[in-house]
2 protein chains.
Amino acid sequence: MTRANLTIDPDRLWGTLMETAEIGGTPKGGICRLALTEEDRRVRDWFAKAARDAGLELGIDQMGTMYAIRPGRDPSKKPIAMGSHLDTQPTGGKFDGILGVLAGLEVMRTLNDAGIETEAPITLVNWTNEEGARFAPGMVASGVYAGEVDQAWAMERQDRDGIRFGDALEAIGYRGAEPVGQRRFGAMVELHIEQGPILEQEGKSIGVVTAAKGSIWADGRVLGRESHAGSTPMDMRRDALMAFAEFALAAERIARENGPDGVATIGVVEALPASRNTIPGEVRFTLDYRHPEAEALGRMTQAIDQALASIGAARRVEFAIDRFWNKAPVAFDETVCAAVQNSAAELGYSCRTMTSGPGHDAVLTASVVPTAMIFVPCKDGLSHNEAESATKEDCAAGANVLLRTVLQLAG
Amino acid sequence: MTRANLTIDPDRLWGTLMETAEIGGTPKGGICRLALTEEDRRVRDWFAKAARDAGLELGIDQMGTMYAIRPGRDPSKKPIAMGSHLDTQPTGGKFDGILGVLAGLEVMRTLNDAGIETEAPITLVNWTNEEGARFAPGMVASGVYAGEVDQAWAMERQDRDGIRFGDALEAIGYRGAEPVGQRRFGAMVELHIEQGPILEQEGKSIGVVTAAKGSIWADGRVLGRESHAGSTPMDMRRDALMAFAEFALAAERIARENGPDGVATIGVVEALPASRNTIPGEVRFTLDYRHPEAEALGRMTQAIDQALASIGAARRVEFAIDRFWNKAPVAFDETVCAAVQNSAAELGYSCRTMTSGPGHDAVLTASVVPTAMIFVPCKDGLSHNEAESATKEDCAAGANVLLRTVLQLAG
């Protein structure tokens, strides 16, 4: 095979997905492989051996992130990075993160088999603790790498049993000596399942991820007046729940008006005093809204504030909203995105540009490395679930796009 | 004073309200006088003594309901009854129920002072356990009286400590020998605070209660699809909470369309899995809707079902609704209502007809005795609350209407 028609081996890739899925595998077909546990150690050992068997050089930094390096012809060139994470949620699936690492391994093996040399080195990365399920928050290693999270602080994070991140890392033998962030890459490409329903519903194989949505998380409260459900006429009510309902629909409308990328979700709601024959005097709720463009996110914020003010005035209730978390949108690198798009087109895969709702290591690295992501469909958009599923064909398509993109970027 | 210009003594009435409020009085100015407790015994003893001091004959039935009888000229005539209840909620106020009994006592004293004889006897009733706060359900003695509740079943009700109703009644010495329901009345009039905001907001002193609302209680459930808040576009969602919000506003609209007497309330709501970044796949809620006319209540049910069906179809969610409790509306007696209305008019009180949302002993007796109710305003419509409040003037106005109504009915 030549560079022009080089493709990965779908069965070999699928084999590694199924083989490593045994490490922490659950009876329901998922994986429980929390960061820095014995299961994480075992999959890291597997990965280290596979990397060495592929002739790759292994580096481990002080956050435990693993780098498997394939040299290039020109050592002065910054390496092209690919990768994701091998840790999972407690009831996680077989693809979230894992596909990005194992497809990277498959790319390395394919390059080896074809005897292809690249100009720039290629580095396959397994980022530590992307999920944050055992040690919150997630994406902590890529966060330290990008200079957005303090390393000493990260080391002190504790799990539910009071075990420190640093100690757990030490205990599984993956606390490297290498300072975090010293490796700088020419580009970084992360292949991941979409974790959403768009590609599947549109029958597309590849998503070129051009941006990660910014998100705002808020806690909301409505204060109305508690009164008797039987004796208070509708016109005399200050019903906190009905005001909430009107706001919920306003938030939905605002997201639609900023569609297709704008989304708004109310995940938690509680009415007080929670008695079936008392008109709620108070409602508490959460609000999560996202958009890949900072300007549109600002417009959504404005529209939400307007809705709160007008509903509050009309219904004589008070709204309070605390936006306690604000994550700015991240635009991925145009050149890297174009490389992904070209690769998908050359391979003849159906493809669309899209944005990412969930966070990823790539969203962190984007601030210091030209970065992009490749999405492949997952069944019913389901993720963080043992039933998470992707087809062999889609995984192979993603890996082929990864291969071609990396080849294009590495030269 | 003659019958024509006879009025009660506002200060004496107020004095009895304040005096008995000490029995079970709370630091916040309310009353905790649960049925068949030591406090209930003490207020019953107070009432029995006051009745005897007023020359009234006392009867007690097997449910502990107390009857204080003022003879009429014609013993063959059925007595005209007035009354309410002396038990309270755990954090109850000084007026709910109590006003109806003590105003009746004030009527008796006023008739005595003026030396007035009536044709029919007059009976003042203190119904046992109207609140149902210690022994659920409430209105159990008037329920047995009306033949709507089984007496043996009522006797077996238990409080939180497993104490039986019958035993508690025995223990405070108020288990009478008289069979329940043997006393039949020519009419029954219950004076009560409104427990709602209408009279206060309209600046009216007297409500002529022509009917009690029927009520339907339901548990509702919405089944949508749980999915990721960041990666699921608005158009691909089956958001159970947004469907709920749309239904809540539909229920509100339906109540308004059946106004001013139709009401609908959602007091409890819970979204699952209750995670701020997961679109709710399920919502559980309660629904309480009421109307004083059976036909309108039926129309509301139909409109609610239509709303559930159309919102469910449009949003691809499933609604399930379990109407587990259906209390039919009760129309009060036209002759007794007219007597109340005439009395209020003769006394020059501002007055309106209205319906009762909450249940009352009078709602039960209405099925066997021509019955009506008189409402007086309470502050902010507040009841079942230690801050429950009514003015001396309004209490006196209600007692005067009660006096005149009873005189008119008793002849």
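Predicted model: local features only at pLDDT ≥ 70, side-chain atom pairs only at ≥ 80, totals over all residues.
**View 1. The largest cavity holds about 40 Å³ of space.** Side-chain values rest on heavy atoms, with hydrogens and water left out, while residues are numbered from 1 along each chain as its sequence is written and chains are lettered from A in the order in which they are written. Searching the whole structure turns up three cavities of 30 Å³ or more. A cavity here is a set of points, on a 1 Å grid over the protein atoms alone, where a 1.4 Å probe fits but cannot get out; lining residues have an atom within 4 Å of a point. Points are joined across faces, edges and corners, and the volume is the space filled by probe spheres set on them. Both chains contribute to the lining of the largest cavity: A:Arg225, A:Ser227 and A:Thr232, plus B:Gly196, B:Pro197, B:Asp380 and B:Gly381.

**View 2. A:Tyr145 and A:Phe185 make a stacked pair.** Rings of Phe, Tyr and Trp (its six-membered ring) pair if their centres lie within 6.5 Å; planes under 30 degrees apart count as stacked, over 60 as edge-to-face and the rest as tilted. That rule gives 18 aromatic pairs over all chains. In this one the centres are 6.0 Å apart and the planes sit at 20 degrees, so it goes down as stacked. A:Tyr145 belongs to helix H4 (residues 140-145) of chain A, and A:Phe185, 40 residues apart from it, to the loop between helix H6 (165-171) and strand S5 (187-193). Helices (H or I, at least four residues) and strands (E, at least two) are DSSP runs, numbered from the N terminus. A:Tyr145 is buried at 1% relative accessible area, and A:Phe185 is buried at 3%. Buried means under 20% relative accessible area (1.4 Å probe, protein chains only).

View 3. B:Tyr67 is in strand S2 (residues 66-70) of chain B and B:Trp127 in the loop between strand S4 (122-126) and helix H4 (140-145), so the pair ties together parts 60 residues apart in sequence. Both B:Tyr67 and B:Trp127 are buried.

**View 4. The charged end of B:Arg184 sits over the ring of B:Tyr145.** The distance to the ring centre is 4.7 Å. To count, NZ of Lys or CZ of Arg must be within 6 Å of the ring centre and within 35 degrees of the ring normal. B:Arg157 likewise lies over the face of B:Trp153, at 3.9 Å from the ring centre.

Methods
1 Å grid on protein atoms, 1.4 Å probe; cavity = no way out; pocket = protein on both sides within 12 Å on 5 of 7 lines; lining within 4 Å. Buried < 20%, exposed > 50% of the residue type's maximum accessible area, 1.4 Å probe, protein only.
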